[in-house]
Amino acid sequence: MHLLLVEDDSELARQTSLWLNEAGHTCTWKEKGNAALTVLSTEAFDAMILDVGLPDMDGFTVVEEMRKRGFGLPVLFLTARDNVTDRVRGLKAGGDDYVTKPFAMEELLARLEALQRRSGLTPMTPPSRTVGKWTLDPIKRRLVCRDERVELQPREWTLLEVMLANEGRILTKKFLLEKVWDIHFDPGTNVVDAMICRLRRKIDSTGSLSQLQTVRGKGYVLKAFP
Amino acid sequence: MFSKLFPERLSSTWRLGLLLTVLMVGSTALCITVASWTMKRNLSSIARAVVLDDLGEYAVLYNRNGLKEIKDVFAAGGHENDQAVRITGSDGRVLFEQIPIAVAGYRWPDNATANLQPSQTLLVTVEHEKREQQLLAGCQVLKDGNILWFGRTDAEDRAYVEHIRDDLWLAGLVSTVFMLLPLWWFVRHVLRPVQDMMKSTRKLAEGNTDARLRAPNAVPELQAFASAFNTGLDRIDALTTELQSANDNLAHELRTPLARIRGNLESYHDHTDNAAARDASARGLEEIDRAADLVQTILTTRAGEHKALKLHLETIDLREMLIHLHDLYKAAAEERGLQFTLEAPDSCPAILDRQRINQAIANLLDNAFAYTPKGGAVTLALSTTDDQTRILVRDTGPGLSAGDLTKIWQRFTRGSAASANTPGMGIGLSLVRAIVHAHGGETTCQNRDDQGAEFSISLPIHRNQPSPQPNRGHS
């Protein structure tokens with residue numbers, strides 16, 4: 001992907017572009033909203049990462065302005081303000097998703113890829129319908145392996161689907177809470193951890209290394225094994 | 001002092017109008033009473049003079065030419081309708097009588113003249129049996145010993161007084177109307193503006209902070225009051241806005257450096273092969289996430305405490321929300337060996353900020369989970385009454401001490417049962433309270449009879465139907 005990064009904090013911008021490069025993307029960095037609007041007409045981008053608090057104009061205005069000019073590329077807001085009102089405002093202005101600082105790089109990548117899938121830039125590859133020895137039965141929402149059957153509760157099913165859609169990527173607790181439970185804060189109780197454990201017990205076969213792993217300090221990952 | 005005379009709900013306009021009218025009617029009545037009393041006194045002395053005068057004239061006529069002269073005078077028609085003349089002999093026999101209908105029916109006195117000397121006169125007032133009018137009768141002994149009587153009723157005087165009284169009433173009525181002109185002025189320039197201001201303050205009390213006092217037609221004093229009050233409100237508004245933007249800025253100032261540190265640490269974590277370094281950086285990442293959450297929690301709590309919390313209100317079913325929360329915490333409860341039950345029998349539509357209320361309830365649950373030992377029970381319950389919804393979180397933990405009950409909602413206060421092992425900094429409950437207060441609700445906590453504590457969130461119900469009070473809702 002070729003990305004436009006609009007961020008006034010140079011250190012954060014340096015890190016982000018480094019990460020994006022490591023993940024195999026290229027990016028152009030602009031510090032101000034006006035500069036971003038100018039470069040949009042000279043370069044073609046697949047998506048835009050846009051900080052809300054810019055020195056010359058806020059990110060919402062940048063998006064409104066670029067939508068007015070007819071640029072339809074997906075926009076991911078990057079912001080220090082964490083509240084629903086701002087989130088809604090960002091989406092209303094024409095943004096597509098929202099990441100609050102501090103953020104995990106993998107979360108940013110997961111969201112960018114989701115945006116790209118949604119905008120149809122890459123062909124939709126249906127997410128894998130198998131986990132280890134199990135085959136997913138989406139209609140009855142259960143796992144099937146020959147004669148064995150494991151029933152999944154609705155949220156367990158959603159959790160597994162989100163993990164499958166981002167297979168191999170470390171997903172943060174925050175990201176899972178938002179995608180699975182639609183919750184935008186981190187409860188003090190280890191609710192996600194408990195849920196992952198429960199799902200792990202259901203999908204893991206005895207004796208082999210768990211497919212659903214917890215990466216300390218970063219999150220959870222579903223690893224595909226051959 | 002007059003206020004007790006009026007019914008409670010009578011408006012000031014009517015009170016003042018009524019008071020003014022009563023005062024005007026009273027003073028007019030007093031004027032008329034005094035005036036008619038004075039007039040009557042004057043008229044009666046005039047009447048006596050008239051009677052004496054006429055009596056003298058008739059006596060002269062009689063003395064000159066006898067009864068014939070008197071008869072001639074009457075034959076010529078020189079008499080009035082309310083005057084009577086009679087001449088009686090010394091024995092009381094009537095020699096001549098000229099009594100018009102208006103003067104008929106009076107009992108003339110019989111022996112009034114017993115001690116009377118010739119050309120002496122006597123005045124007597126005679127009442128009528130049926131009429132109100134009185135007859136003023138005078139008598140004089142004539143030269144030949146006969147007695148001349150002259151009588152006159154006060155009908156004309158009475159009509160005169162009556163006339164003037166009517167005119168005075170009319171004047172009183174007109175002046176009462178004039179007296180009400182200041183009332184009109186008062187209503188327009190004082191009372192109406194005060195009522196408008198009252199409406200504005202009511203809106204303010206309902207939380208509409210844009211409401212301002214308006215007094216375009218009011219007296220200068222009220223205009224000055226309104227403008228001073230509005231200046232104060234503007235200042236409060238400015239402070240609130242400043243606080244909001246300060247919060248946003250502070251969030252930005254703290255979150256951006258946290259993001260920088262996190263990014264670098266994550267880089268380090270992913271690129272190092274050293275297991276110990278990896279573990280250390282993983283712990284560091286966890287701490288940074290916790291710090292970011294804490295910053296957000298403190299800002300939210302502060303904003304809520306200062307009524308600067310932006311709420312994103314939507315209509316949701318509280319029951320459904322609790323079902324989701326129950327679902328979210330179920331696995332964690334199982335892991336801890338807690339029995340976690342939900343009691344929410346009825347659906348309960350409410351207008352609120354879903355994320356915030358979710359967070360408030362989650363905080364109560366976190367608290368209950370942290371303090372309830374293995375094998376205990378935590379209950380999440382929903383109950384509704386006509387005007388409020390209560391969300392209860394019960395546990396079977398150690399409960400609250402007497403000191404906890406009053407202080408537990410304050411910032412950085414941890415319950416006495418807290419130990420080094422229980423997580424948190426004592427900010428969770430103050431966040432709960434701040435969020436609930438921002439919704440116009442209340443938080444309570446108490447010990448349960450058997451064991452453990454019970455925390456509750458009460459939220460007012462804003463129904464979608466039109467409000468029963470028509471005054472509300474204009475904004």
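Q: In which sense do E1(A) and E3(A) pair, and over how many bridges?
A: E1(A) and E3(A) are joined by four bridges in the parallel sense. Helices (H or I, at least four residues) and strands (E, at least two) are DSSP runs numbered from the N terminus, and two strands pair if DSSP finds at least two bridges between them.

Q: What kind of model is this?
A: It is a predicted model, in which local features need pLDDT of at least 70 and side-chain atom pairs count only at pLDDT 80 or more, while totals for chains, interfaces and linings use all residues. Residues are numbered from 1 along each chain as its sequence is written, with chains lettered from A and ligands numbered from 1 in the order in which they are written.

Q: Which residue stands opposite Leu4(A) in E3(A)?
A: The residue opposite Leu4(A) in E3(A) is Met48(A). In E2(A), Leu4(A) stands opposite Thr28(A). Strand E1 (residues 2-6) of chain A runs parallel to E2(A), with five bridges between them.

Q: And what is the bridge partner of Met48(A) in E4(A)?
A: That partner is Val75(A). The chain passes from E3(A) to E4(A) through helix H3 (residues 59-68) of chain A, and this β-α-β crossover is right-handed (with the strands pointing away from the viewer, the path from the first strand over the helix to the second runs clockwise).

Q: What is the order of the strands in the open sheet?
A: The order is E2-E1-E3-E4-E5 in chain A, five strands with parallel pairing. Strand E2 (26-30) and strand E5 (97-100) are the edge strands, each pairing on one side only. On average, neighbouring strands are turned by 20° against each other, direction ignored; axes are lines fitted to C-alpha atoms, for helices over the stretch in contact, and angles run from 0 to 180 degrees between N-to-C directions.

Q: Which strands does helix H5 of chain A lie across?
A: Helix H5 (residues 105-119) lies across strand E3 (47-51), strand E4 (75-79) and E5 of chain A, and runs at about 175° to E5(A).

Q: Why is E3(A) largely enclosed by the rest of the structure?
A: It is largely enclosed because five of the five residues of E3(A) are buried. A residue is buried if 20 or more other C-beta atoms lie within 10 Å of its own, exposed if 12 or fewer, and partly exposed in between, with C-beta atoms placed from the backbone. Ala47(A), Ile49(A) and Asp51(A) point one way from the strand, and Met48(A) and Leu50(A) point the other way.

Q: Changing topic, how many residues has the largest nonpolar core?
A: It has 113 residues, and Met48(A), Leu50(A), Leu76(A) and Leu365(B) are those with the most contacts inside it. Such a core is a set of buried Ala, Val, Leu, Ile, Met, Phe, Trp, Tyr and Cys residues joined through C-beta atoms within 7 Å. Helix H7 (residues 354-371) of chain B gives the most to this core, with ten residues.

Q: How many residues of chain A are in contact with chain B?
A: There are 35 residues of chain A in contact with 44 residues of chain B; two residues are in contact if their C-beta atoms, placed from the backbone, lie within 7 Å. H8(A) supplies the largest share of the side of chain A that touches chain B, five residues.

Q: What about chain A as a whole: how many helices and strands has it?
A: Chain A has eight helices and eleven strands. Of its 226 residues, 43% count as buried.
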